[in-house]
Amino acid sequence: MVIDKIKKVNKAEKSVKNEKASDMLIGKWVKCDKCKEILYKEDVHKNFSVCPNCGKHFRLSARRRIKQIADEGTFEEIGADILTKNPLNFDGYMKKITSLKEKTKIEEAVKCGTCEINGEKVVLAVMDGNFMMGSMGSAVGERITLAIETSIEKRLPLIIFCVSGGARMQEGIVSLMQMAKTSSALAKHNEAGLLYISVLTDPTTGGVTASFASLGDIILAEPDALIGFAGPRVIEQTIKQKLPDGFQRSEFLLEHGFIDKIVERKDMKDTLYNLLKLHSLK
Amino acid sequence: MSQISAWDRVTLARMPERPKALDYINEIFTDFIELHGDRNFGDDKSIVGGIARLNDMPVTVIGEQKGKKAKENMERNFGMPNPEGYRKALRLMKQAEKFNRPIITFIDTPGAYPGMGAEERGQGEAIARSMMEMANLEVPIICVVIGEGSSGGALAIAVGDKIVMLENAVYSILSPEGFASILYKDSSKAKEAAENMKITAEDLKKLNIIDKIIDEPDGGAQEDFSTVAKDLKQYIVKEIKELQKFSKEELVEKRYEKFRRMGN
């Protein structure tokens, strides 16, 4: 079925080249930032937001991700009332958050809830790179911690989809402490003998890599995702040389032993379901 | 406490002559035996650790170690640990738990090292694992920020029951230079960033991130090191005694609650 879709998209793509440039302006078309092909937006969406031409996994909103992973109508959000705080009274921060909320129609950089995956109940947390680059401040840390605690309380497996630029600068030390908070909650989760699957998507960096993203019993990643602690620019400045191609990409992490498996987006739900079934007690 | 700017404290915290982790270890404890290596890759000299006595009690001590002179700083990688440093620290902390020894950590780092090898060997995983395991250790843990406590590289060994800062130490999400470069797009605005970041002991006490401030003389800890070390020792001895009254379960639960309420 997917192959059919791709074929269809390929046809659409070829015809695209003859379209007028004005069509780009009405927003029906997107350009793949990897292979530079012009793609029909709707076809990209139907293809799990993966480039039908080169397989590039485009960044997904939390809403779309949940749609791809959770059984329809099963997602029940938790922690939606936990909102951004400004613990340092950082100038301009709340103004930025307010305008971002209006623009993106999302409240914070992670959405958590309970849902079913092919009928298997789980706690699911999905980060959203459209909101402050998925950075972790107090609200993200608190929502993730609440999701972990819900998973312990209900004795459900936990899945976290990560995408993050790291700890949120504007909340300073309070953001840093969310790394300790979420890691401590996962220590409890681990003690409780429950399954935690972490899924790393492009990009997962900084304080999120150095906390819950790296602590899964099983760690999956989407292809070609940037995953690391320090950002490539910081490393290049430190070592004063350019990094080789593929450095800090999913395939690199697999080779160095830091992730269990690279999973394409179209196979993600089935892979998660399979892993959940292998851990279910029944 | 003296009234000086946050940036002045950053400057004091980074002074080469400021006492380093090994200075405190040698002053506060006796019979220190340094233990080496992570049993996996190597021995990171930017983290020191071992067993010592606090008065009569055996304890495990760990510290991020900067150098005072250029040569030692090169050897110590300017106090910027690689993953094997954090894995050594964790190995020693697990060992402390096995033999029921309290743990004291000294934090003094510009950050975890952002190098190629560090990424290849899983810097993020090493830091994450250290925090997760510390959360569950069934022995008292006291963490002392003695100089620069910068980013996850500092927090990796700072998940404890009591967090103490010296008066002129700073503790932050990132260096003021890094912060200014990200948020103001200009690293030369570090001074301004330092004032807004809430990184001083006084600010962090108000934010309930730390438990205690140890006073320093004017000009910094090196001006009267024996008094600073004596005050710090007194605090450590007193708090360990208090923490040892809790059962193992209570200790771990209290530590959980401590970090649980941060930013809540």
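Colleague: In β8(A), which residue is the bridge partner of Ser198(A)?

Modeller: Two strands count as paired if DSSP finds at least two bridges between them, strands being DSSP runs (E, at least two residues) and helices runs of H or I of at least four, numbered from the N terminus. Here the partner of Ser198(A) is Ile219(A). Strand β7 (residues 196–205) of chain A and β8(A) run parallel, joined by four bridges. This is a predicted model, in which local features need pLDDT of at least 70 and side-chain atom pairs 80 or more, while totals for chains, interfaces and linings use all residues. Residues are numbered from 1 along each chain as its sequence is written, chains are lettered from A and ligands numbered from 1 in the order written, and side-chain values use heavy atoms, without hydrogens and water.

Colleague: Which residues of β8(A) point one way, and which the other?

Modeller: Ile218(A) and Leu220(A) point one way, Ile219(A) and Ala221(A) the other. All are buried, meaning under 20% relative accessible area with a 1.4 Å probe, protein chains only.

Colleague: How many residues does each chain give to the contact?

Modeller: Contact means heavy atoms within 4.5 Å. Chain B gives 45 residues and chain A gives 51.

Colleague: How many salt bridges are there between chain B and chain A?

Modeller: A salt bridge puts a side-chain nitrogen of Lys or Arg within 4 Å of a carboxyl oxygen of Asp or Glu. The count is three. Glu253(B) forms a salt bridge with Lys188(A), with the closest N and O atoms 3.1 Å apart.

Definitions and conventions
Buried < 20%, exposed > 50% of the residue type's maximum accessible area, 1.4 Å probe, protein only.
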